Each structure stands twice: as structure tokens, then as C-alpha cells.
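Please look over the sequence and the structure shown here before reading the briefing that follows.

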Amino acid sequence: MKQKMLYILLGLSIVSLASAQRKDPSGLGWGFPPVGPGAAQAMGQPVTVTGNLTIIQGGIAVQDKGVTYHVRGLNRFIGFIDGLKDGASVTLEGSAFAYPPDDKIKFLRVAKLTLSGKDYDLAPPEGTGFPPRMGHYFRGWR
């Protein structure tokens, strides 16, 4: 009896582990496709968005022509760029990525910010994407 219960628990564990390995069908992961060398790069639609910065669902967003653009990464520049705050009128250029469940929501990867007539280039250097993971630094010093 104990052996039979052990096999049943083992089988259920294997089934639960296998079902947990499901991949995101949209391929977008946490709202953005992967970036960097060797990563599958999903191309977004180039857009120019004009509007006022606002906070929606705990993140920075801009609404333009009935579409809400969730702007990722712009919060890193708050305090460094004068006037970058809630309600500021901005123009953002970059790549928009669709959010499959709702066509009125998009994610925006910003390449250029225009605020108070001044342009800021926010795109990473060509071919670098995001910085390497920490394991890269521990492989040896040259």
C-alpha cells in the first residue's frame, strides 16, 4: 500500500513539473521581447507618441489616440532629467509591442525622448542590448 502511494505521488510530481514548463505563447515574456546578441529579437512597430506622462497600474504610461502606451525604463531617468514627472508633456519615439489580450494597450521601448524642446537619446548603443549577466564577469580577468 505504501509503495503504491509512493508511485502515485511520484507520478503526480512528474506531471506537475512537466506542466509548469509551458512557454508564453506570445513570446513576449514580461511585456518585452528579449534584447541583445544571441536573443531572438522581435521587431516592434516604430511609433511616435505625444501626450502627458501619467501613472497607470504602478508604471509610467502615455495615452495617445485612444491607445495606452506603457513606457518601460523611463523611470530610471526621473531625477536626472529636469521636468520628467507626472503630467509632463512629452514626445516619445521608439518601438511599440502589442499586448495580445487588448489592442488598446501597447508596450513602448523608448529610443528618443523630447521634453521641453530638448531631445534625449535613450537607445542603447548598437548591438549591445542590455548589459551582460554577472556570470560574464566571473569567467576570468584579462
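In this predicted model, strand 3 and strand 5, the latter covering residues 102–115, run parallel and are joined by five bridges. Within that pairing, Val71 has Leu108 of strand 5 as its bridge partner. Strand 3 itself spans residues 67–72, and because five of its six residues are buried, it is largely enclosed by the rest of the structure.

**Strand 3 and its other partner**

- Strand 3 also pairs with strand 2 (residues 59–64), in this case in the antiparallel sense and through four bridges, with Ala61 standing opposite His70 of strand 3.
- Strand 2 and strand 3 make up a hairpin that leaves two residues between the strands, and Lys65 in that turn adopts a positive phi of about 55 degrees.
- Thr68 is a residue of strand 3, and its relative accessible area of 14% is under 20%, so Thr68 is classed as buried.
- The side chain of Thr68 is in polar contact with the side chain of Gln63, at 3.4 Å.
- When residues up to four places away in sequence are not counted, Thr68 touches Ile56, Ala61, Val62, Gln63, Lys104, Ile105 and Lys106.

**Strand 5 and strand 6**

- Strand 5 is paired with strand 6 (residues 118–121) as well, over four bridges and in the antiparallel sense, and in strand 6 the bridge partner of Thr114 is Asp119.
- The hairpin formed by strand 5 and strand 6 has two residues between the strands, and Ser116 takes a positive phi near 55 degrees there.
- Ser116 has this positive phi although it is not a glycine, and with a relative accessible area of 70%, which is over 50%, Ser116 is exposed.

**Another positive phi**

- Most residues other than glycine have a negative phi.
- Gln57 counts as exposed, because its relative accessibility is 77%.

**Nonpolar core**

- In soluble globular proteins, nonpolar side chains tend to be buried together.
- Here the largest nonpolar core comprises 21 residues, and Leu108 and Leu113 are those with the most contacts inside it.
- At least two residues of this core are supplied by each of strand 1 (45–56), strand 2, strand 3, strand 4 and strand 5.
- Strand 5 provides the largest share of the core, namely four residues.

**Aromatic pair**

- A pair of aromatic rings is described by the distance of the centres and the angle of the planes.
- The model holds one aromatic pair, that of Tyr99 and Phe107, whose ring centres are 5.9 Å apart and whose planes stand at 80 degrees, so the arrangement is edge-to-face.
- Which of the two classes, buried or partly exposed, applies to Tyr99? With a relative accessible area of 34%, Tyr99 is partly exposed, whereas Phe107 is buried, with a relative accessible area of 8%.

**A buried loop residue**

- Ala88 belongs to the loop that lies between strand 3 and strand 4 (89–99), and since its relative accessibility is 11%, Ala88 counts as buried.
- The C-alpha atom of Ala88 is separated by 8.2 Å from that of Thr54, a residue that is 34 residues apart from Ala88 along the chain.
- Leaving aside its neighbours within four places in sequence, Ala88 is in contact with Gly51, Asn52, Leu53, Gly83 and Leu115.

**Overall figures**

- The secondary structure comes to one helix and six strands, and the elements run α-β-β-β-β-β-β from the N terminus on.
- The protein has 142 residues, of which 24% count as buried.
- Among the contacts with a separation of 6 or more, 52% are accounted for by residues 24 or more positions apart.
- The accessible surface of the protein is about 10,800 Å², and 59% of that surface belongs to carbon and sulfur atoms.

Note on methods:
Residues are numbered from 1 along each chain as its sequence is written. Side-chain values use heavy atoms; hydrogens and water are left out. Buried means under 20% relative accessible area, exposed over 50%, partly exposed in between (1.4 Å probe, protein chains only). Two strands pair if DSSP finds at least two bridges between them. Contact means heavy atoms within 4.5 Å. A nonpolar core is a set of buried Ala, Val, Leu, Ile, Met, Phe, Trp, Tyr and Cys residues joined through side-chain atoms within 4.5 Å. Rings of Phe, Tyr and Trp (its six-membered ring) pair if their centres lie within 6.5 Å; planes under 30 degrees apart count as stacked, over 60 as edge-to-face and the rest as tilted. Accessible areas come from the Shrake-Rupley method with a 1.4 Å probe; for residues, only the protein chains shown count as cover. A polar contact is a pair of N or O atoms within 3.5 Å; within protein, one must be able to donate a hydrogen and the other to accept it, and residues adjacent in sequence count only if both atoms are side-chain atoms.
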